[in-house]
Amino acid sequence: MTSAEFVSQSGRVLTIAISTTEKGTSLNRQGLTEGAAALRQVARGERDAAVVVLVGRGGNFCAGGDVRSFAAADDRAVFLRDLADNFHAFINALHESRLPVVAAVKGWAAGAGMSVVTHATIAIGGASTKMRPAYTAIGLSPDGGMTWMLPRIVGAARARHIILTNKVIDAEEALAIGLLSEIVDDDAVESHAQEIATELATGPAAALAATVALIQDGATRSLPEQLIAEGASISTLSSRPEGIEGVNAFVEKRRARF
């Protein structure tokens, strides 16, 4: 069961809110749980979605974990492990969905929020968007896959520097190093992200999912292995309805109807 507060769908665009104004736009456990459930529905064919949009319901995309709840826990180690497991179930569901992920990164994306941004296929920021790892500032190490994804986006040396020094990254730098895909006006971040997602959702869903899968899996393949996977993928898609329509439309000099 999902609630409209955290999970909504328009056409084939699935929107998931990972934070709310509650507790200072920190990562919301219910949003993660419901978001993961919706993504698993997509994977099982129980929900027809082609694109995911990640948003924050407040002034920030996500200000990180709720540190006050960490401090109040009777057993911090048990509490943090449970939070991390819940967070990681969401990240795994996002990854395994093979869907393009558009993140509307408004305001701060700190700690866990920055980790989420690293998993976006396309990340839209505003002029005032800022990111910060934040973990070492409270004596902790990252979660949410930051130590796996960030080096792959910005390079190992830069990732080490960003995480260990708890560097604040503004929008322009985030764009330059590949954490953001585009910068728009602050008040247009979410609407622009939705526009991109809507456009993608009208395209060839199977080809988009296959492309996402190739990019994800390519991180751990050799070049010969990746070439084999690409050959199999393009061949398979060419005999499916979207591939047939796309090629025919090109030859007939008309817009494809996916």
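Analyst: Let's start with a term for later: a residue is buried when its relative accessible area is under 20%, exposed when over 50%, and partly exposed in between, using a 1.4 Å probe and protein chains only. This is a predicted model, where local features need pLDDT of at least 70, side-chain atom pairs count only at pLDDT 80 or more, and totals for chains, interfaces and linings use all residues. Residues are numbered from 1 along each chain as its sequence is written, and side-chain values use heavy atoms, with hydrogens and water left out.

Now for the pockets. A pocket is an open set of points on a 1 Å grid over the protein atoms alone, with protein on both sides within 12 Å along at least five of seven lines; lining residues have an atom within 4 Å of a point. Its volume is the space filled by probe spheres set on the points, which are joined across faces, edges and corners.

The largest pocket holds about 820 Å³ of space. It is lined by 34 residues, and Gly64, Gly65, Asp66, Phe70 and Leu83 are the closest to its centre. Three helices each supply at least two residues of this lining: H1 (29–43), H2 (67–72) and H3 (76–97). (Helices, of at least four residues in state H or I, and strands, of at least two in state E, are DSSP runs numbered from the N terminus.) Helix H3 gives the most here, with 7 residues. Sorted by class, this lining has 17 nonpolar, 11 polar and 6 charged residues. For that sorting, Ala, Val, Leu, Ile, Met, Phe, Trp, Tyr, Cys and Pro are nonpolar, Asp, Glu, Lys and Arg are charged, and the others, Gly among them, are polar.

Stay with Phe70 for a moment, one of the residues closest to the centre of that pocket. The structure holds 1 aromatic pair.

On to the second largest pocket, with a volume of about 550 Å³. Among its 21 lining residues, His95, His119, Trp148, Met149 and Gln216 sit closest to the centre. Helix H3 turns up again, joined by helix H5 (146–154) and helix H9 (205–218), and each supplies at least two lining residues. The largest share, 5 residues, comes from H3 here too. By class, this lining has 11 nonpolar, 9 polar and 1 charged residues.

What about the strands? Two strands pair if DSSP finds at least two bridges between them. Strand E3 (residues 51–57) is mostly covered, with 6 of its 7 residues buried.

Elsewhere, 3 strands form an open sheet in the order E5-E7-E8, with mixed pairing. Strands E5 (108–110) and E8 (169–170) are the edges, each pairing on one side only. E5 and E7 (residues 130–132) run parallel with 3 bridges, and Ala109 finds its bridge partner in Met131 of E7. Lys130 belongs to strand E7 and is partly exposed, at 32% relative accessible area. Its C-alpha atom is 9.9 Å from that of Phe61, 69 residues apart along the chain.

Ala134 lies in the loop between E7 and H5. This residue has a positive phi of about 75 degrees although it is not a glycine, and at 24% relative accessibility it is partly exposed. Asn166, in the loop between helix H6 (156–165) and E8, is not a glycine but has a positive phi of about 55 degrees. At 9% relative accessibility, Asn166 is buried.

Terms used
Phe/Tyr/Trp six-rings, centres within 6.5 Å; stacked < 30°, edge-to-face > 60°. 1 Å grid on protein atoms, 1.4 Å probe; cavity = no way out; pocket = protein on both sides within 12 Å on 5 of 7 lines; lining within 4 Å.
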